[in-house]
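I opened my notebook to look up a few things in a protein chain. Here is what I had on screen.

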Amino acid sequence: MLLVYLVLAGQYESWYAPIAVIHGGPAFRLLGPMAVLTGLRIENNLYTQIGLILLIALSAKETPF
């Protein structure tokens, strides 16, 4: 999440806009995949983490600012 925040801060050239973007959409969009991963008892390995980071990035890209 810190990496995503820093990338968005550089993209928006603001320290406050990424907070709204992260809390507005992508954070809530991670609840579903995390619930499924926990429910299916899939371990949190490197590939899972890369997929979640890509999901955060795609969610943040869809948010209009």
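My entries follow, going from the whole chain to single residues.

**Ground rules.** I'm working with a predicted model, where local features need pLDDT of at least 70, side-chain atom pairs count only at pLDDT 80 or more, and totals for chains, interfaces and linings use all residues. Residues are numbered from 1 along each chain as its sequence is written, and side-chain values use heavy atoms, with hydrogens and water left out.

**Overall layout.** I looked up the secondary structure and got five helices and zero strands. Helices (H or I, at least four residues) and strands (E, at least two) are DSSP runs, numbered from the N terminus. Along the sequence I read the pattern as α-α-α-α-α.

Next I checked burial: 28% of the 65 residues count as buried. Buried means under 20% relative accessible area, exposed over 50%, and partly exposed in between (1.4 Å probe, protein chains only). The accessible surface comes to about 4900 Å², and 69% of it belongs to carbon and sulfur atoms. Those areas come from the Shrake-Rupley method with a 1.4 Å probe, and for residues only the protein chains shown count as cover.

I also looked at contacts, meaning heavy atoms within 4.5 Å. Of the contacts with a separation of 6 or more, 50% are between residues 24 or more positions apart.

**The core.** Which residues make up the largest nonpolar core? I listed ten: Val-4, Tyr-5, Leu-8, Val-21, Ile-22, Leu-30, Leu-37, Leu-52, Ile-56 and Ala-60. Helix 1 (2-12), helix 2 (17-24) and helix 5 (46-62) each give two or more residues to this core. A nonpolar core is a set of buried Ala, Val, Leu, Ile, Met, Phe, Trp, Tyr and Cys residues joined through side-chain atoms within 4.5 Å.

I picked out Ala-60, which sits in helix 5 and is buried at 6% relative accessibility. Ala-60 and Val-21 are 39 residues apart in sequence, yet their C-alpha atoms are 6.4 Å apart in space.

**Thr-48.** This one is in helix 5 too, and I noted it as buried because its relative accessible area is 16%. Not counting residues up to four places away in sequence, Thr-48 touches Leu-37 and Glu-43. A polar atom of the Thr-48 side chain lies 3.4 Å from the backbone oxygen of Glu-43.

**A nonpolar patch.** On the surface I found Leu-2, Leu-6, Trp-15, Tyr-16 and Ile-19 forming a nonpolar patch, with about 630 Å² of accessible area together. Patch residues have over 30% relative accessible area and no salt bridge; like charges are joined within 9 Å, nonpolar side chains (Val, Leu, Ile, Met, Phe, Trp, Tyr) within 5 Å. A salt bridge is a side-chain nitrogen of Lys or Arg within 4 Å of a carboxyl oxygen of Asp or Glu. Ile-19 belongs to helix 2 and is partly exposed at 40%.

**Positive phi.** Most residues other than glycine have a negative phi. Glu-13 isn't a glycine, but its phi is positive, about 55°. I found Glu-13 in the loop between helix 1 and helix 2, exposed at 74% relative accessibility. Arg-41 also has a positive phi, near 55°. Arg-41 is in the loop between helix 4 (31-39) and helix 5, exposed with a relative accessible area of 76%.

Methods: Polar contact = N/O pair within 3.5 Å; in protein donor to acceptor, adjacent residues only side chain to side chain.
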